[in-house]
Amino acid sequence: MRNVIVMGAGGRDFHDFNVVFREDADTHVVAFTAAQIPGIDDRRYPPSLAGPLYPDGIPIVPEERLLDEIREHAVDEVVLAYSDLAHADVMHKASTVLAAGADFRLLGPRSTMLVATKPVVAVTAVRTGCGKSQTSRYVGRYLLDAGLRVVLVRHPMPYGDLERMAVQRFATLEDIDAAHPTVEEREEYELPVRLGMVVYAGVDYGAILARAEEEADVILWDGGNNDFSFFAPDLTIVVVDPMRPGHELSYHPGETNVRLADVVVVNKIESAPLGAVERVLEDVRSVNPHAHVVFARSPVRLEPGPSLEGKRVLVVEDGPTLTHGGMAFGAGTVAARAAGAAELVDPRPYAVGTIADVLARYPEVDVLPAMGYSDEQLRELERTIDACDCDVVVTGTPIDLSHIVRSRHPIRHATYELEEAGGVPLADVLEPVVRAATPCATSVS
């Protein structure tokens with residue numbers, strides 16, 4: 001019997017356990033550790049999901065307790081199962097584990113990818129905030145326009161009741177509201193549903209895949225952070241970001257995605273610094289010279305509202321992009337500056353509760369991250385915005401925050417969608433998937 005700890009962040013950790021360890025009688029998973037996402041530790045992976053070998057479930061503890069857990073349970077192996085870590089950080093974690101006497105392991109695609117009976121297009125990225133979601137929507141629209149039933153399966157975000165969230169299906173906005181999602185979940189689910197896609201997410205991706213196959217002609221995997229797909233793809237599209245040149249080969253498992261890619265989308269070319277696109281292309285070609293390359297823009301557009309010219313503006317940006325994505329700003333900042341804002345207001349003097357804690361952990365961030373992993377945190381975000389001495393609030397989040405956050409300040413929302421700008425047309429690389437999926441659609445009709 002080998003004692004194992006799975007290091008995670010409430011996503012791949014559970015998937016890796018389900019497909020590799022859940023039915024392995026020679027392995028005992030003594031704990032999950034949790035990082036990156038606030039409030040997901042000090043709970044249990046429930047017996048109903050853990051299986052008969054774990055009648056009491058499995059504890060989930062803060063990653064800070066890793067060494068204590070290794071010593072207390074005589075752990076033989078630690079499995080790293082979360083994403084968007086610098087290569088050096090991965091090896092620091094490995095060195096910590098090895099020095100404690102345990103083995104350190106990464107599980108790869110062959111061990112963890114489930115095989116679907118329907119064609120799968122996987123959209124992944126090299127970092128959080130590259131533009132993966134708008135790329136997924138762009139691909140999804142193309143497949144819908146081809147007459148296919150598209151089911152989008154989102155990388156897990158199980159930050160609530162794990163049993164209740166085991167398999168989640170969203171076909172309407174009412175379905176999303178009923179799930180009482182976090183801000184991050186709502187951002188990922190609303191727009192695909194509005195486009196006409198059915199969205200699945202949850203914890204048990206074997207069960208999710210079985211459900212998705214029943215109603216899909218093609219399955220669209222929408223990755224989280226820079227993780228690789230849980231499903232074996234027929235086509236892998238990877239988004240790279242010339243705003244962060246060099247990151248495509250220096251983050252885990254983003255580099256894995258580049259090496260796996262059939263298609264590389266070089267996004268944000270309209271905003272990239274001089275020479276950055278060439279640097280990214282050089283890196284991509286050094287490890288995957290046969291990948292098709294698509295160039296794309298993500299132009300930012302402000303929805304109607306009061307003028308920003310000469311105004312003091314508070315910018316609220318997508319939370320994960322600023323935190324584990326490592327960006328200091330996002331679409332809201334770009335929009336506010338382009339619209340003539342005189343000053344971008346520092347949120348720190350006005351931040352309360354866990355919002356102040358987040359800003360303290362990320363001193364390089366001068367805008368407000370849209371954190372809302374609980375009702376309490378969402379209210380703290382609301383109080384921070386209200387306390388701010390500004391004229392207008394600009395939100396660069398995927399959804400319009402004014403629908404869920406009340407504010408005494410007027411709010412303008414910055415939107416962005418993918419636009420192709422050269423290279424190999426995505427339609428060309430998607431056409432074989434359409435041909436493979438179309439007989440399924442014909443047989444159903």
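Biologist: What makes you put Tyr 205 and Phe 231 down as buried or exposed?

Modeller: Buried means under 20% relative accessible area, exposed over 50%, partly exposed in between (1.4 Å probe, protein chains only). Phe 231 has 0%, so Phe 231 is buried, and Tyr 205 is buried too. Bear in mind that this is a predicted model, where local features need pLDDT of at least 70, side-chain atom pairs count only at pLDDT 80 or more, and totals for chains, interfaces and linings use all residues. Residues are numbered from 1 along each chain as its sequence is written, and side-chain values use heavy atoms, leaving out hydrogens and water.

Biologist: Why is the pair of Trp 221 and Phe 231 called edge-to-face?

Modeller: Rings of Phe, Tyr and Trp (its six-membered ring) pair if their centres lie within 6.5 Å; planes under 30 degrees apart are stacked, over 60 edge-to-face, the rest tilted. Here the centres are 5.3 Å apart and the planes at 65°, so edge-to-face it is.

Biologist: And what makes the pair of Tyr 205 and Phe 231 tilted?

Modeller: Those planes are 55° apart, with 6.5 Å centre to centre.

Biologist: How do you know that helix 6 is roughly parallel to helix 8?

Modeller: Angles under 35 degrees count as roughly parallel, over 145 as roughly antiparallel, 65 to 115 as roughly perpendicular and the rest as oblique. Helix 6 and helix 8 pack at about 15°, their axes 10 Å apart, which makes the two roughly parallel.

Methods: Axes fitted to C-alpha atoms, helices over the stretch in contact; angles between N-to-C directions. Helix = DSSP H or I, 4+ residues; strand = E, 2+ residues; numbered from the N terminus.
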